[in-house]
Amino acid sequence: MSAASRAPQRSNRATRVHAVRARRRAVLATGTAVAALLLSACGSGGTSGGGGNTNFVTGADGISTVARGERVAAPDLSGKTIEGEHLDVAAFRGKVVVLNVWGSWCNPCRAEAKYFAKVSEDYAGRDVQFVGINTRDTSTGSALAFEKDFGITYPSLYDPTGKLMLRFEKGTLNPQAIPSTLILDRDGKVAARSLTALSEERLLKMLEPVVAEK
């Protein structure tokens with residue numbers, strides 16, 4: 001084989017090696033980001049954002065809020081639910097959405113679940129939609145059992161690796177812990193956030209002001 005014919009082969013091999021290395025770097029970066037997010041799982045809370053002009057205020061009760069004119073739209077939150085059905089949170093535009101990130105393995109999630117079940121039923125006829133994001137459960141079986149145990153009837157997206165959580169823009173009211181709860185206004189923008197388990201009183205404190213907006 002001549003030197004001229006060997007040169008394209010060397011070039012092709014180099015291109016393939018470069019592509020493989022690039023894919024490995026991308027996978028590593030995603031895995032590192034997910035791991036960093038999930039390290040905060042089931043803790044007592046998190047921080048208030050990623051620096052810069054975050055535009056939100058965190059009260060002494062740990063609830064962060066944003067004025068209507070400064071809110072940021074939630075990212076695309078769609079996929080399969082733990083029941084295997086397709087769900088797109090954007091379909092609830094026009095309603096206030098309570099978005100709760102949880103896992104069946106998470107004790108604080110279990111502590112707050114009964115309050116979410118109750119309030120979701122109380123607000124069922126008031127243009128309020130509850131949606132869960134189930135994460136770090138390796139199968140849907142344990143998640144379904146959790147919902148049955150606590151009487152939760154609203155849908156939950158299945159997000160075992162936390163990819164949906166990483167879609168939120170850094171420096172906004174993003175979910176940084178498990179459990180986390182976000183309130184989306186009728187325009188699909190994030191109005192409030194808590195990074196700790198909620199009592200019924202604190203859940204209503206987040207929800208009621210957004211429901212009252214016209």
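Predicted model: local features only at pLDDT ≥ 70, side-chain atom pairs only at ≥ 80, totals over all residues.

1. Residues are numbered from 1 along each chain as its sequence is written, and side-chain values use heavy atoms, with hydrogens and water left out.

2. The protein has 4 helices and 9 strands (DSSP runs numbered from the N terminus: helices are H or I of at least four residues, strands E of at least two). Along the sequence their pattern is α-β-β-β-β-β-α-β-α-β-β-β-α.

3. An open sheet of mixed pairing is formed by 7 strands in the order 1-2-9-8-5-6-7 (two strands pair if DSSP finds at least two bridges between them). Its edge strands, each pairing on one side only, are strand 1 (56–58) and strand 7 (156–158).

4. Strand 5 (residues 96–102) and strand 6 (residues 128–134) run parallel and are joined by 7 bridges. Trp102 stands opposite Asn134 in strand 6.

5. Glu213 lies in the segment after helix 4 (200–211). Is this residue, Glu213, buried or exposed? Glu213 is buried because its relative accessible area is 16%, where buried means under 20%, exposed over 50% and partly exposed in between (1.4 Å probe, protein chains only).

6. Not counting residues up to four places away in sequence, Glu213 touches Arg68, Arg71, Asp185 and Arg186 (contact means heavy atoms within 4.5 Å).
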